[in-house]
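Dear colleague,

Please find below the structure that I am handing over to you. My notes on what was found in it follow directly after.

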Amino acid sequence: MIKNIIYPSFLFMASAMLPAAVYAMPDDPQPESVEDMHADFIRAIGAVDVDYSVEEQPTGYVPYEYVNTVTGDAPYRRTSRGIFVVGRGDSVRSFDTFGGTPSSARAYAASVNKYHEAFPNVNIWVMPIPTASAYYTPDAAASLPKSTHEFIRVMFESLDDGVKGIDLFPVLAEHVEEPIYSRTDHHWAPLGAYYAARAFAGAAGVPFLPLDEYDEHVVEGYVGTMYQFSKDPAVKNAPEDFVYYTPAHLGPVETTYVTYSLDKSRRRVISETEPKEGKFFLPFKGVSTYCTFMGGDSKLTKVVTPTKNGRKLIILKDSFGNAIPGYLFGSFEEIHVIDCRYFTKNMRDYVADNGITDILFANNATHASTARTYDMYITYLDQ
């Protein structure tokens with residue numbers, strides 16, 4: 001059974017917010033001492049054999065006719081930046097529009113194809129993650145965002161044979177009435193990441209722990225980044241619960257970080273630490289609560305799990321992907337998490353040196369549509 005652990009909101013009152021690029025509070029734990037902030041959420045009861053199967057997930061584009069039954073007729077307004085504020089009262093949600101184009105979908109696919117060429121003996125997976133606008137844009141404004149599912153279709157038809165695409169659009173559409181996206185933050189919610197991880201495990205043919213094998217942790221009174229972005233008081237006045245899940249009965253995992261220091265633009269790595277052991281789940285607070293997963297983006301993370309099946313996974317991602325690895329500790333022997341903005345090694349050497357068997361591209365659709373993301377992935381191959 002899922003165990004509920006409630007963290008009162010008064011324990012997590014935020015101080016002044018930093019610029020949006022940082023998503024961190026001044027008193028957040030420093031990356032080099034993350035172990036001191038960890039609340040030991042994973043019950044370490046010794047290594048176990050995982051024998052959970054999951055329904056096979058088809059690969060490739062899946063036609064799907066979506067009807068918005070949640071906010072289809074909801075009132076909405078747009079801020080000067082074009083951000084949506086939808087609904088009223090406690091149900092208010094805020095999100096940005098999606099603007100990906102067919103040409104950017106093909107460019108992202110071309111980047112993925114480079115990895116298929118470079119690593120012919122490695123399973124290459126691509127799983128673009130829809131953002132909230134794909135599901136919660138009111139019907140009256142449905143023409144304003146670009147179609148996320150069309151973006152995915154064009155991307156998948158541009159992939160080389162042998163590269164496997166996982167279409168999350170219908171997967172998540174089946175759960176839109178559940179809290180799979182944050183209402184007050186630009187990220188999805190951890191429950192959305194669970195359904196995505198399950199779909200990936202079904203496609204990859206690996207075991208997968210069902211949700212009742214996790215402890216549930218609730219942080220009350222959460223208001224994420226969308227109040228900062230929208231400046232709309234309705235978002236601030238509609239706090240939500242941030243609910244995340246940690247494996248309850250899996251044996252201990254070993255998490256190692258190489259943490260990067262960035263320049264003032266937060267676009268270039270200027271130094272890095274030696275590998276240091278830490279904890280995967282961290283009790284962040286306030287607007288930075290989503291940093292519960294690994295403490296953020298500017299690091300290289302390696303997780304060694306109790307699962308012994310010879311499968312070793314790289315996840316290439318933006319911050320949406322941070323919520324995925326914790327659901328795969330029972331699925332892969334090792335999980336290496338690499339951000340699409342920060343990586344200093346040569347990818348060819350890294351894959352060979354670590355015996356990688358699988359590479360998963362897990363960017364949100366907006367990141368996948370930006371040149372910096374797909375150009376950086378190509379840079380990683382030969383830097």
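**The start of H4**

At the start of helix H4, a side-chain oxygen of serine 147 reaches to within 3.1 Å of the backbone nitrogen of glutamate 150. This is a polar contact, a term that stands for a pair of N or O atoms within 3.5 Å; within protein, one must be able to donate a hydrogen and the other to accept it, and residues adjacent in sequence count only if both atoms are side-chain atoms. Helices (H or I, at least four residues) and strands (E, at least two) are DSSP runs, numbered from the N terminus.

Please note that this is a predicted model, in which local features need pLDDT of at least 70 and side-chain atom pairs count only at pLDDT 80 or more, while totals for chains, interfaces and linings use all residues. Residues are numbered from 1 along each chain as its sequence is written, and side-chain values use heavy atoms, with hydrogens and water left out.

Serine 147 itself sits in the loop between helix H3 (133–136) and H4. Serine 147 is partly exposed, with a relative accessible area of 44%; here buried means under 20% relative accessible area, exposed over 50%, and partly exposed in between (1.4 Å probe, protein chains only).

**The surroundings of H4**

Of the 10 residues of H4, 7 are buried, so H4 is largely enclosed by the rest of the structure. The buried residues are Thr148, His149, Phe151, Ile152, Val154, Met155 and Phe156. They pack against H2, strand S5 (123–126), H3, strand S6 (164–165), helix H5 (168–173) and helix H10 (365–368), where contact means heavy atoms within 4.5 Å.

**H2 and its two partners**

Two packed helices are described by the angle between their axes and the distance between the axes. Axes are lines fitted to C-alpha atoms, for helices over the stretch in contact, and angles run from 0 to 180 degrees between N-to-C directions. Angles under 35 degrees count as roughly parallel, over 145 as roughly antiparallel, 65 to 115 as roughly perpendicular and the rest as oblique. A crossing is left-handed if the near helix is turned anticlockwise from the far one by less than a right angle, and right-handed if clockwise.

Helix H2 (residues 102–118) packs on H4 (residues 148–157) at an angle of about 40 degrees, with the axes 8 Å apart. H2 and H4 are therefore oblique to each other, and their crossing is right-handed. On the H2 side the contact involves Pro102, Ser104, Ala105, Arg106, Tyr108 and Ala109, which meet Phe151, Val154 and Met155 in H4. By class, the residues of this contact are 7 nonpolar, 1 polar and 1 charged; Ala, Val, Leu, Ile, Met, Phe, Trp, Tyr, Cys and Pro count as nonpolar, Asp, Glu, Lys and Arg as charged, and the others, Gly among them, as polar.

The axes of H2 and helix H11 (residues 371–382) come within 9 Å and cross at roughly 15 degrees. That makes H2 roughly parallel to H11, and the crossing is left-handed. Ser104, Ala107, Tyr108, Ser111, Lys114, Tyr115 and Ala118 in H2 meet Thr373, Tyr374, Tyr377, Ile378, Tyr380 and Leu381 in H11. The contact of H2 with H11 has 9 nonpolar, 3 polar and 1 charged residues.

Within H2, serine 111 is buried, with a relative accessible area of 0%. A polar atom of its side chain lies 3.1 Å from the backbone oxygen of tyrosine 374. Beyond its neighbours within four places in sequence, serine 111 is in contact with Tyr374, Tyr377 and Ile378.

**Two loop residues with positive phi**

Most residues other than glycine have a negative phi. Lysine 231, not a glycine, has a positive phi of about 60 degrees. Lysine 231 is in the loop between helix H7 (225–230) and helix H8 (233–236) and, at 60% relative accessibility, counts as exposed. Arginine 266 also has a positive phi of about 60 degrees without being a glycine. It lies in the loop between strand S9 (254–262) and strand S10 (269–272) and, at 26% relative accessibility, counts as partly exposed.

**The protein as a whole**

The protein has 11 helices and 15 strands, and buried residues make up 57% of its 383 residues.

With kind regards
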